[in-house]
Amino acid sequence: MEEKVAVVTGSTTGIGLGVARHLANLGCNVVLTGLGGETLIDDLVEEFTRKYAGKTYFVACDLTKEDEIKTFCTNIFNIFPEGVDILVNNAGIQFTASIENYPLETWNNMMAVGLTAPFLLIQEFLPKMKKKGWGRIINMASMMGIISGPELAAYSACKSALIGLTKGVALEAAPHGVTCNVVCPGYSDAPIFYHKIEKHAAANSLSFDCAKEELFSTLNPHKKPITVQEIAELVSFLCTSGADSMTGSPILIDAGNTVK
């Protein structure tokens, strides 16, 4: 993957950061974007520059705003005029509440970051992928896009819609050598899951680590967390020639949760 250009949203922490590191380790030039203060961002760019052969850039973007997404893409095209080879739409918002108590503003932000932003980024980057005859689009959903649970209606709606977007893009892109898949992780050792651990710890007077161990041993059939590394390796595989014929697929990495 040397000299391939990869854009990973939500890549300053968690799964996105793990994916960005893995792609950089394989030789990609990487564009990071996500939340974080100046020190965090500077440290990440310094780390990537020191560790990996490819170039690393941080390009800021508020994924809730269409105009900022357009500017973000323009900035990337200024750096890489031939466009992006790999787009990983990883950024997302997690918020749980019952339907009657769910804030509309949170719903709108969740859909903006988790669904509209991927749509707009694909719209911008896909044409140059088609022109080159190669590209990889990987959307990050969740097993909750396939199943659901109490207080997860909004999150499931967003992730289910992302799976639908993936399928449509895959069919349009297939004749041009571009694949589009959606990864659906289960309960993983990533910050998006930490709020659930904190709630469990508070409710049961447990330390964070004890609550984490107890939760994962209960929730996952293999009694341990799905690691960020596992998810990153799956994303990287989807970028290889071994996945040339894999497209439009919702790919579960959920330790068997959805088959229980």
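**Close-up 1. Asp209 in helix α7.** In this predicted model, Asp209 is found in helix α7, where helices (H or I, at least four residues) and strands (E, at least two) are DSSP runs numbered from the N terminus. Asp209 is exposed, with a relative accessible area of 56%; the classes used are buried for under 20%, exposed for over 50% and partly exposed in between, with a 1.4 Å probe and protein chains only. Asp209 and Glu198 stand eleven residues apart in sequence, and their C-alpha atoms are 9.6 Å apart in space. Residues are numbered from 1 along each chain as its sequence is written, and side-chain values use heavy atoms, with hydrogens and water left out. Because the model is predicted, local features need pLDDT of at least 70 and side-chain atom pairs count only at pLDDT 80 or more, whereas totals for chains, interfaces and linings use all residues.

**Close-up 2. Lys199 in helix α6.** Lys199 lies in helix α6, and with a relative accessible area of 52% Lys199 is classed as exposed. Ser160 is 39 residues from Lys199 along the chain, and the C-alpha atoms of the two are separated by 25 Å.

**Close-up 3. The largest pocket and its lining.** The largest pocket has a volume of about 1,100 Å³. Of the 44 residues that line the largest pocket, Gly92, Ile93, Gln94, Tyr155 and Ile192 are the closest to its centre. By class, the lining of the largest pocket holds 20 nonpolar, 19 polar and five charged residues; here Ala, Val, Leu, Ile, Met, Phe, Trp, Tyr, Cys and Pro count as nonpolar, Asp, Glu, Lys and Arg as charged, and the others, Gly among them, as polar. Domain 1 (5-188 + 227-253) and domain 2 (189-225) both contribute residues to the lining, so the largest pocket lies between them; the domain bounds come from an automatic or database domain assignment. On a 1 Å grid over the protein atoms alone, a cavity is a set of points where a 1.4 Å probe fits but cannot get out, a pocket is an open set with protein on both sides within 12 Å along at least five of seven lines, and lining residues have an atom within 4 Å of a point. Grid points are joined across faces, edges and corners, and a volume is the space filled by probe spheres set on the points.

**Close-up 4. The largest cavity.** The count comes to one cavity of 30 Å³ or more, and the largest cavity has a volume of about 30 Å³. Its lining is made up of Thr9, Leu63, Asn89, Asn90, Ala91, Val113, Ala117, Pro118 and Leu121. These divide into six nonpolar, three polar and no charged residues, while the largest share of the lining, four residues, comes from helix α4 (residues 104-132).

**Close-up 5. Helix α4 and its kink.** The end C-alpha atoms of α4 are 41 Å apart, which agrees with the 42 Å that its 29 residues should span at 1.5 Å a residue, the expected span being 1.5 Å times one less than the number of residues. A kink of about 40° in α4 is centred on Ala112; the bend at a residue is the angle between axes fitted to the seven residues ending there and the seven starting there. Just after α4, Gly133 takes a positive phi of about 80°.

Close-up 6. Met143 is found in the loop between β5 (135-140) and α5, and at a relative accessible area of 2% Met143 is buried. The C-alpha atoms of Met143 and Tyr187 are 8.6 Å apart in space, with the two residues 44 apart in sequence. Asp189, in the loop between β6 (178-185) and α6, counts as partly exposed at 24% relative accessibility. A separation of 6.5 Å is found between the C-alpha atoms of Asp189 and Val228, which are 39 residues apart along the chain.

Close-up 7. Glu3, in the segment before β1 (5-9), has a phi near 75°, a positive value in a residue other than glycine, and Glu3 counts as exposed at 57% relative accessibility. Lys223, in the loop between α7 (208-219) and α8 (228-238), has a positive phi of about 65° although it is not a glycine. At 57% relative accessibility, Lys223 is likewise counted as exposed.
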